[in-house]
Amino acid sequence: MATIEVTDASFEEDVIKSDKPVVLDFWAPWCGPCKAIGPSLEEISDEMADKITVAKLNIDENPNTGTHFSVRGIPTMLLFNNGEAVATKVGAVSKAAIVEWIEDSIA
């Protein structure tokens, strides 16, 4: 399963009401580090599809959700479990670091 695109309008349905944990990546097209972690997130989405959903939210097109969660820099990933933001990871990090962060956060 590939990553899903989330908007301010679909956030409630796609993330808060999800039946499994969601990693929400706040990104923008002009952000180099965001592009750098994109392939890792796609791979994680495929490899962990039975455990989590990986979603992306373009902050240029959807400013409200990022503002609501006080996202100050990108890339920022928030992990939601049962409708609650339970963990945050900021910056471009390795795929292994992202997987470890996810597993530690949903354990």
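Let's start with the largest nonpolar core of this predicted model. It has 16 residues, and the members that touch the most others are Val-6, Phe-11, Val-15, Leu-24, Phe-26, Ile-74 and Phe-80. Where do they come from? At least two residues of this core are supplied by each of α1 (11-16), β2 (22-27), β3 (53-58) and β4 (76-81). Strand β2 gives the most, with 4 residues.

Leaving aside residues up to four places away in sequence, Val-15 touches Val-6, Ser-10, Val-22, Leu-24 and Phe-80. Apart from this core there is another one, of 14 residues, and Val-23, Met-48, Ile-52 and Ile-102 are among them.

Now, the helices. Two packed helices are described by the angle between their axes and the distance between the axes. Here, α2 (residues 32-47) and α4 (residues 95-106) pack at about 45°, and their axes are 10 Å apart. On the α2 side, the contact is made by Ser-40, Leu-41, Glu-43, Ile-44 and Glu-47; on the α4 side, by Lys-95, Ile-98, Val-99 and Ile-102. Sorted by class, that contact has 5 nonpolar, 1 polar and 3 charged residues.

Next stop, Ala-28, in the loop between β2 and α2. Is Ala-28 buried or exposed? Its relative accessibility is 0%, so Ala-28 counts as buried. Not counting residues up to four places away in sequence, Ala-28 touches Cys-34, Asn-58, Ile-59, Asp-60 and Ile-74. For those of you who like distances, Ala-28 and Asn-62 are 34 residues apart in sequence, and their C-alpha atoms are 10.0 Å apart in space.

Ile-74 brings me to the backbone. Most residues other than glycine have a negative phi, and most peptide bonds are trans. With that in mind, look at the bond from Ile-74 to Pro-75: this peptide bond is cis, with omega near 0°. Pro-75 sits in the loop between α3 (63-68) and β4.

Ser-70 is found in the loop between α3 and β4 too. Ser-70 is not a glycine, yet it has a positive phi of about 55°. With a relative accessible area of 43%, Ser-70 is partly exposed.

And finally, Asn-82, in the loop between β4 and β5 (84-90). Asn-82 also has a positive phi of about 55° without being a glycine. Its relative accessible area is 72%, so Asn-82 is exposed.

Thanks, everyone!

Definitions and conventions. Residues numbered from 1 in each chain as written. Predicted model: local features only at pLDDT ≥ 70, side-chain atom pairs only at ≥ 80, totals over all residues. Heavy atoms only, no water. Core = buried A, V, L, I, M, F, W, Y, C linked by side-chain atoms within 4.5 Å. Buried < 20%, exposed > 50% of the residue type's maximum accessible area, 1.4 Å probe, protein only. Contact = heavy atoms within 4.5 Å. Axes fitted to C-alpha atoms, helices over the stretch in contact; angles between N-to-C directions. Nonpolar A, V, L, I, M, F, W, Y, C, P; charged D, E, K, R; others polar.
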